[in-house]
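Hi everyone, thanks for making the time. Let me put the structure up, and then I'll walk you through a few spots in it.

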Amino acid sequence: MGYQKALEQTIGVPFTEGNSVNILKNGNEIFPAMLKAISEAQETISFLTFVYWQGDIADEFAEFFSKKAKEGVQVKVLLDSYGAFPMRKELVDFMKESGVEVVWFRPLSRWKIWKMDNRTHRKVLICDGKIAFTGGVGIAEEWNGNAGNKNEWRDTHFKVEGPAVEGIKAAFIENWIEAGNELEIAKEASTNLKKSGSTKIQTVRT
C-alpha cells in the first residue's frame, strides 16, 4: 500500500488531483499576493484568521475588504475573539459600515474560563471560491518585510488553486457555522473547480 492510500484510509479524506501550489515566504511575498486576489475578486471573499492586530498592513486589509464590499462583492470576515483582540475597534466599525460581514468567533464574554483556549487558529482566505490561501501568517505589522531583522517575523503561506480549494473552503464554513451563522449555498458562478496544475493535495481540518 502506498502512502497516499494509507493516508486516505487512516484519515478518511481523499487526495484531490490537478492543483497548483505557490509557496509564499514572509510578508513581502504573502501580503501582495493576498491583496491582489482580494482586489480581483468579483463575487465572494471569505477570510478567517486567529491573528489580526495592528499596523499599516492591518489597515490595508480592512480597506481592501471594505472597497470590495462597496462594489457589491460578498465579503465575510471571521475573527477569533481572543487572537484578534488587539485589533482596533475603528477598523471593525469601518468594515461593518462598508458592508463587510464581520463576525467574532467565540466571543470571550460568552465562554467559561475553562473554555478560553478553545480557539480557531486557522488562517484562510478564499476568493471567488477558486483561489485559496492558508498558512501561518497573521495580519499585523510584525509580519511585514522579509524577516530581515528581529522585528520582522518570518512565516510561510500557500496559494492554492484547483479542486483542493473546496477542502480549504470547508474549514472556513465549519467555523462560520460554529460562530452562529447559517450555511449558505455558494454564490460563485461555478463550484466545479477545474484542474490548475499537477499537485495532489489532501486537505485535513484540525
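Let's start with Glu141, which is partly exposed because its relative accessible area is 48%. By that I mean the middle class: buried is under 20% relative accessible area, exposed is over 50%, and partly exposed is in between, with a 1.4 Å probe and protein chains only. You'll find Glu141 in the loop between β6 (131-135) and β7 (156-161). For the element names, helices (H or I, at least four residues) and strands (E, at least two) are DSSP runs, numbered from the N terminus.

Before going on, a word on where this comes from: it is a predicted model, in which local features need pLDDT of at least 70 and side-chain atom pairs count only at pLDDT 80 or more, while totals for chains, interfaces and linings use all residues. Residues are numbered from 1 along each chain as its sequence is written, and side-chain values use heavy atoms, with hydrogens and water left out.

Patch members have over 30% relative accessible area and no salt bridge; like charges are joined within 9 Å, and nonpolar side chains (Val, Leu, Ile, Met, Phe, Trp, Tyr) within 5 Å. A salt bridge here is a side-chain nitrogen of Lys or Arg within 4 Å of a carboxyl oxygen of Asp or Glu.

There is a nonpolar patch on the surface too: Tyr3, Leu7, Ile11 and Val204, with about 370 Å² of accessible area together. Those areas come from the Shrake-Rupley method with a 1.4 Å probe, and for residues only the protein chains shown count as cover. Leu7 sits in helix α1 (residues 3-11), and at a relative accessible area of 32% Leu7 is partly exposed.

Now for the rings. How many aromatic pairs does a search of the whole structure find? It finds ten. In one of them, Phe31 and Phe61 have ring centres 5.8 Å apart and planes at 75 degrees, so the pair is edge-to-face. This pair links distant parts of the chain, with Phe31 in helix α2 (residues 27-40) and Phe61 in helix α3 (residues 56-70), 30 residues apart. The rule is that rings of Phe, Tyr and Trp (its six-membered ring) pair if their centres lie within 6.5 Å; planes under 30 degrees apart are stacked, over 60 edge-to-face, and the rest tilted.

Are these two buried or exposed? Phe31 is buried at 2% relative accessibility, and Phe61 is buried at 0%. Another edge-to-face pair is Trp143 with Trp153, 5.0 Å centre to centre and 75 degrees between the planes. Both lie in the loop between β6 and β7, ten residues apart. Trp143 is buried at 7%, whereas Trp153 is partly exposed at 36%. Ring pairs also link Phe31 and Phe61 with Phe47, Tyr52 and Phe65 into a cluster.

Last stop, the backbone. Ala147 is not a glycine, yet it has a positive phi of about 55 degrees. Ala147 is also in the loop between β6 and β7. Arg106, in the loop between β4 (101-105) and β5, has a positive phi of about 50 degrees.
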